[in-house]
Amino acid sequence: MIKSIEKKLIKILLSFYSVYFFINLLQRVYLKTNGFGFRKMSWTELLFENTIIEIVNTIFLMLIIIHFSKWMIRLKFNLSKLIAIHTVVSIVTGILFSFFYIFIQYLAGNISYELSLSNLFTSSVRYLNTHFLIYFTSVFIIYTYFYSEKSLSIEVQKANIEKQLAQVKVNILKYQLHPHFFFNTLNSISSLIDTDAKLAQNTLVDFSDFLRDILFLKDSNLLPLSVEVKILKRYIDIMAIRFSDHLQVAIHLEDNLEDILIPSLILQPIVENSIKHGYSYESTDLKIDIDISKLDSNLQIEVINNGEPLVGDVKYGTGLKNTVDRLKTLYENDYYFTIKNRQNDIGVITKITIPIES
C-alpha cells in the first residue's frame, strides 16, 4: 500500500509530467501543422498512440525514480556520490526506455527502418539529453519533497519538545512556589495559637479554603484573571487577619478583563513580597494598591505600596525569582518585570506587563 506521503509526491510529479506532456503535444501539433515534422505520422498516431505510449513509459520511469531515490536517501550518500549514481542511472534508464518506446512504435508499424541494435542505440542517444533533464528534474522534486517533509517533521517535533520542556519547567517552578508560601502561612498560624486561638482557628479555615482553590487548579499554568483575583483575595484575607488594622489592600480591576489568561498564582508572591519588606519601624501601617489594566495589546499589573523603600540592588527571594522565571518560560522575551522605588522614596512599585491571552 502506498503511504499518504508518497501519494502526495506522486500527485506533484504527475502534475509536472502533465504540464510537460501538454507542452510537448502543443509542440508536435505546431510542427505537424506547419510541415516542420511528423509528416508521415497520422493525427491519430500523433495525438493518441504516441502520447499513450509516452505516458505509460513515463509512469514506469516515475515509479522507478521514486523508489530508487528513497533507497538513496536511506543510505545517506554524500552529494558527489548521489550525482554520480543518478547520472549513471539516468543514462541507463534513458537507453532502456528509448529501446522500449522504439520497439512499441515498431510493433505498431510507425517505424519503417530496420530494427537493429545499432539503430536502437542511435535513436536512444538522440533523446538522451531530454531524458536526462526529465530524470534530474524528477529527482530534484523528489528530494525537495522528502527533505521539506523531514524538515517540517523536525520543526514540529522540536516545537513539541520545547512545549513539553516549558510545561515541565513551569510546573517545577510552580510547585517550588507553593511550599514557600505554605511554610510562611503555617508559621503565622503557629505564632497566633498562643496569643489568640480563635484568630488562629479563623486563619486556619481561610488557609484551608485557599488550599482548596490551589488544589482545584491542578496543573493549570494559565488561568482567567477573575480566578487569580479570587485566590489572591483569600490570601489577602489570611494576611489581613494576621496584621489586623495595620494592613489595607485594594484591588482595582479594569472592566472586561476577567477572562484574560495570566500565569497562575503570579500575584500572590508579589503581594507577599510587599508585605514582607514593606513593614519597618517607620512604616507600621501598610497600604497596598493592586492596579490591573489593559495597555494596548498587553495586560499591565502594578502592585504599589507605601512601605519601606528599596535600599541598594533588589535581591529576589524564592517567590520573586520563581515569578520572573515563570514569566520568562511562558513568554520568553515578550514580558516586562520591574521593582523600583516610587517617587520621593515613598514605598515601592512592582510592575508586570504581559501579552493579553483569552
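The lining of the largest cavity draws at least two residues from each of two helices, α1 (4-33) and α2 (43-75), where helices (H or I, at least four residues) and strands (E, at least two) are DSSP runs numbered from the N terminus. The model is a predicted one, in which local features need pLDDT of at least 70 and side-chain atom pairs count only at pLDDT 80 or more, whereas totals for chains, interfaces and linings use all residues. Residues are numbered from 1 along each chain as its sequence is written, and side-chain values use heavy atoms, with hydrogens and water left out.

The structure holds two cavities of 30 Å³ or more, a cavity being a set of points, on a 1 Å grid over the protein atoms alone, where a 1.4 Å probe fits but cannot get out, with lining residues having an atom within 4 Å of a point. About 40 Å³ of space lies in the largest cavity, the volume being the space filled by probe spheres set on the points, which are joined across faces, edges and corners. Its lining consists of Phe21, Asn24, Leu25, Arg28, Thr51 and Glu54, to which α1 gives the most, with four residues. By class, the lining comprises two nonpolar, two polar and two charged residues, where Ala, Val, Leu, Ile, Met, Phe, Trp, Tyr, Cys and Pro count as nonpolar, Asp, Glu, Lys and Arg as charged, and the others, Gly among them, as polar.

An open sheet of five strands with mixed pairing has the order β2-β4-β5-β7-β6, two strands being paired if DSSP finds at least two bridges between them. Because β2 (247-253) and β6 (336-341) stand at the edges with a single partner strand each, one side of each is left without a neighbour in the sheet. The twist from one strand to the next averages 10°, angles running from 0 to 180 degrees between N-to-C directions of axes that are lines fitted to C-alpha atoms, for helices over the stretch in contact. Strands β4 (residues 286-295) and β5 (residues 298-305) run antiparallel and are joined by eight bridges; Leu295 has Asn298 in β5 as its bridge partner.

Helix α7 (residues 225-243) packs on the sheet and touches β2 and β4, its direction making about 170° with that of β2, where contact means heavy atoms within 4.5 Å. Helix α8 (residues 268-278) also packs on the sheet, touching β2, β4, β5, β6 and β7 (348-355), and its direction makes about 150° with that of β4.

Helices α8 and α9 (residues 318-331) pack at an angle of about 150°, with their axes 9 Å apart. In this contact, Pro269, Ile270 and Asn273 of α8 meet Gly319, Leu320 and Thr323 of α9, giving three nonpolar, three polar and no charged residues.

Terms used. 1 Å grid on protein atoms, 1.4 Å probe; cavity = no way out; pocket = protein on both sides within 12 Å on 5 of 7 lines; lining within 4 Å.
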